[in-house]
Amino acid sequence: MEFTLLSNSPAYNCVLGKAFITVSYTVCGVSLATLTTITIDRLLTLKYHMRYSSIMTIQQAFCVIAVNWLTSGFLASLILWTSKILFVFVMALVVAIFLCFSTSAHINIYCIIRRHKRQILAQTGAVQDNSRTNITRFKRTAFNTFLVHYFLLICYIPLFVTLLLQGNEERIPSESWRENGSGIAWKLSSTVVFMNSALNPFIYCWRLREIRTALIIVFNSTVNFPLSVLTIIGNTLVLVAVWRTPSLRSPSVILLWGLATTDLAVGLLVQPLFLSMELKLLSNSSAYNCVLGKAFITVSYTVCGVSLATLTTITIDRLLALKYHMRYSSIMTIHRAFCVIAVNWLTSGFLASLILWTSKLLFLFVMALVVAIFLCFSTSAHVNIYCIISRHKRQILAQKRAVQDNSRINITRFKRTVFNTFLVHYFLLICYIPLFVTLLLQANEERIPSESWRENGTGIAWKLSSTVVFMNSALNPLFTVGVFEIFAPP
């Protein structure tokens, strides 16, 4: 309609324009009515806590929604068969009534919450920590209540004022207002009302723990699906390249093959299991506590542990190739590369199985310690690699007898090598540090004063940090292969 208005100034006065006004006021009216109904529903929950289930049933909720649609549709259709002035005044009156009801309900909610706070403070026999928790919850609830009402008023008061001005535009002496101001004000206030529909999922739904958890699960699952596909495609290409090129089969490439195999297992096994467990969590909140859940945790920590261990081994292998360039072929053989891969699998499998026969606290501390050890080894190896490459650069610059063009090529290669080295390590830290922090917080969650963290935060943090770790398996084929082209010994 706005684009039509560029070429046709009376676009809103035609049949299509009136139909648009009817539909828009119907839908936005239902949105405002439903917001007010939700506020009144929250008031009933607080005021008649014990009898709420008999006052408000699912059938009555559906009836209220249907009444909202029918009433809004009827009032919005006034534009089709009554005068514009009557329609504008009716719309202004409806918006005012709903805002008044919502304001009254929010004031009552605040009074009830405040009375609850006084009751909590009056219960001197209650446990002190529990009282503090309830007072903190009161402050958070009161803040959220006024935040919701604040955004509601911000979004709908401009429309209410605009409707009043349009209803009285003949009495406004300003000619420019009657010609342009009224229409511009209606467009802008309508946009603000539409913005309310974009804010509602965050303001209302995000405050409900069940909906918030479900949204995170759906988002996490949506991200994991394409990551799984990318992981499978990328690592399959690496395996095929190694398989079809026998000349590439050196100890370094065998380690790369082991990493690609592990990451392929992440995409084929771990991520599909993770998706199924997350979707199962929507209907069963204790999905991870059953036998299948513990089996999934064991498999995922085993495979991701092997991936991290193999990445660290590859970094140490590159350090050996640079530090002991002449003796590298005798230090690292294909047989030893296979032995290292086997040790990584056996060690990771044993440590991941701790969840099956030890306490959860011990398992979390061990996993956090293992991640920290591998990250420290990897960081130390990368620092040593950088020092060796820097020394090589100085040696190249000191060789005055070398050809000038060749020196420039080596310096360019040095810069590219340093950049790729730290790029690989940077993404390794990005992918595994969130998991390390989450494991530490989970192991110490009893010491964390935040009740909301103990109830929801620890699970959400684990889901998101696990997804970031899975992302590392999708990125490995891109970074490790590129770095191998530079680091591979001649």
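Visitor: Is Glu-278 buried or exposed, and what is its relative accessible area?

Guide: Glu-278 is buried, with a relative accessible area of 0%; buried means under 20% relative accessible area, exposed over 50%, and partly exposed in between (1.4 Å probe, protein chains only). The model is a predicted one, in which local features need pLDDT of at least 70 and side-chain atom pairs count only at pLDDT 80 or more, while totals for chains, interfaces and linings use all residues. Residues are numbered from 1 along each chain as its sequence is written, and side-chain values use heavy atoms, with hydrogens and water left out.

Visitor: With which residue do the side chains of Glu-278 meet in a salt bridge?

Guide: Side chains of opposite charge can pair when their charged atoms come close. A salt bridge is a side-chain nitrogen of Lys or Arg within 4 Å of a carboxyl oxygen of Asp or Glu. Here Glu-278 is bridged to Lys-463 at 3.3 Å, N to O. This pair links distant parts of the chain, 185 residues apart, with Glu-278 in helix H10 and Lys-463 in helix H17; helices are DSSP runs (H or I, at least four residues), numbered from the N terminus. Lys-463 also counts as buried, at 6% relative accessibility.

Visitor: How many salt bridges does a search of the whole structure find?

Guide: The search finds 3. Among them, Arg-42 and Asp-41 meet at 2.7 Å, N to O. Arg-42 is partly exposed at 38% relative accessibility, whereas Asp-41 is buried at 14%. Asp-317 and Arg-318 also form a salt bridge, at 2.7 Å, N to O, and both residues are buried.

Visitor: Which residues have the most contacts inside the largest nonpolar core?

Guide: In soluble globular proteins, nonpolar side chains tend to be buried together. A nonpolar core is a set of buried Ala, Val, Leu, Ile, Met, Phe, Trp, Tyr and Cys residues joined through side-chain atoms within 4.5 Å. The largest has 41 residues, and those with the most contacts inside it are Phe-296, Tyr-301, Phe-363, Met-367, Tyr-432 and Leu-439. Helices that each supply at least two residues of this core include H11 (291-323), H15 (360-398) and H16 (404-443). H11 provides the largest share, 9 residues. Apart from this core lies another, of 24 residues, including Ile-21 and Leu-159.

Visitor: Where is the place of Leu-159, and which residues does Leu-159 touch?

Guide: Leu-159 is in helix H7 (residues 128-167) and is buried, with a relative accessible area of 7%. Contact means heavy atoms within 4.5 Å. Not counting residues up to four places away in sequence, Leu-159 touches Tyr-25, Ser-189 and Val-193. The C-alpha atoms of Leu-159 and Val-193 are separated by 7.4 Å, although these residues are 34 apart along the chain.

Visitor: How many aromatic pairs are there?

Guide: A pair of aromatic rings is described by the distance of the centres and the angle of the planes. Rings of Phe, Tyr and Trp (its six-membered ring) pair if their centres lie within 6.5 Å; planes under 30 degrees apart count as stacked, over 60 as edge-to-face and the rest as tilted. The count comes to 10 aromatic pairs. One of them, Tyr-150 with Phe-151, is edge-to-face, at 5.9 Å centre to centre and 75° between the planes. Phe-151 is partly exposed, with a relative accessible area of 25%. Elsewhere, ring pairs link Phe-274, Phe-296, Trp-462 and Phe-470 into a cluster.
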